[in-house]
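This report describes one protein chain for a reader who has not seen it before. Please look at the sequence and the model first.

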Amino acid sequence: MASHLVVRACPPFGVPGVPGALGAPGVPGPGTESAAGSELERESRSLLDGAELERARAMTPRTRQEFLAGRLAQRRFAAGLLGVPASDLTAWYSCPRCGTGADISHGKPGYRLRGEAVPLLLSLSRAAGWTLLAGVVDPEPGQRLGVDVEDPARADFDGFDDVVLTAAEQLHLAGLDGISLLRGRARLWARKEAWLKMLGTGLQTAPDTLDVLGTTVDGHAGLRDLAPAETGLPADLVAAVAVAVLP
């Protein structure tokens, strides 16, 4: 079977198995948040690995909940794509500086199944409490993946254009203002983040040197926007994905 991209959005704390979304509209009643939080903790202890749980312990309560919910969603997403129980997977992250293995809880996500690497590319991004997941099963040799979601409200600060955008991108946004300008900025930022995640370099590459106006970057095709209908994200957020075969 040819490899193909699958994307899925999870609402704030909206992890399958957790009763209700913490703080979400339509989930009223005293004790609802604490009950959902307790269930989140139980699910995390049951399914997540030691390095993930250790990282979560150092976080503030809300950040911890978002982190745990995202990791649970990612594990279930991966298990569903592979057709295996989520409890059979072992997290196996890769960081250019820290290495690869079960004791790494950051960097490029991955899993092992009964000691063997699984044939799956994964990428995760968060914005405004939402988690966006992307996966490619049975990737081609050299294929890489990056996904990003952004909240346009976070692009509303002086100096954004000079720090983030190329001259051509600044010209592309010239004449826009208000929410149109913020969405334009966020769209380009999401495209840059997706591409840099795919490369694995992150912000080691200065964003104002990377032009992402087209579908091809530095001679490699595979960058595009993700519409809300494809992701399940609310329409006020913007997202992009990068999938390419690199040498």
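Which residues does Tyr111 touch, not counting residues up to four places away in sequence? They are Arg71, Gln74, Arg75, Ala78, Leu89, Thr90, Ala91, Trp92, Glu116, Ala117, Val118 and Leu122, where contact means heavy atoms within 4.5 Å.

The model is predicted, so local features need pLDDT of at least 70 and side-chain atom pairs count only at pLDDT 80 or more, while totals for chains, interfaces and linings use all residues. Residues are numbered from 1 along each chain as its sequence is written, and side-chain values use heavy atoms, with hydrogens and water left out.

**Overall form**

The protein chain holds seven helices and 13 strands; these are DSSP runs numbered from the N terminus, with helices (H or I) of at least four residues and strands (E) of at least two. Its radius of gyration is 18 Å, close to the 18 Å that the globule rule gives for 247 residues, so the chain is as compact as a globular protein of that length. The radius is taken over C-alpha atoms, and the rule is 2.2 Å times the number of residues to the power 0.38. Along its principal axes the C-alpha trace spans about 50 × 45 × 35 Å. Among contacts between residues at least 6 apart in sequence, 59% join residues at least 24 apart.

**Cores**

Buried residues make up 46% of the 247 residues; buried means under 20% relative accessible area, with a 1.4 Å probe and protein chains only. A nonpolar core is a set of buried Ala, Val, Leu, Ile, Met, Phe, Trp, Tyr and Cys residues joined through side-chain atoms within 4.5 Å. The largest such core has 29 residues, and Leu68, Leu89 and Tyr111 touch the most other members. Elements that each supply at least two of its residues include α1 (32-47), β2 (89-91) and β5 (111-113). Helix α3 gives the most, with eight residues. A second, separate core of 21 residues includes Val164, Leu173, Trp195 and Ala242.

| Residue | Helix | Relative accessibility |
|---|---|---|
| Ala73 | α3 | 5% |
| Arg185 | α6 (residues 178-199) | 11% |

Ala73 and Leu124 are 51 residues apart along the chain, and their C-alpha atoms are separated by 9.9 Å. Leaving aside neighbours within four places in sequence, Arg185 is in contact with Ala155, Asp156, Phe157, Phe160, Asp161 and Leu173.

Methods
Buried means under 20% relative accessible area, exposed over 50%, partly exposed in between (1.4 Å probe, protein chains only).
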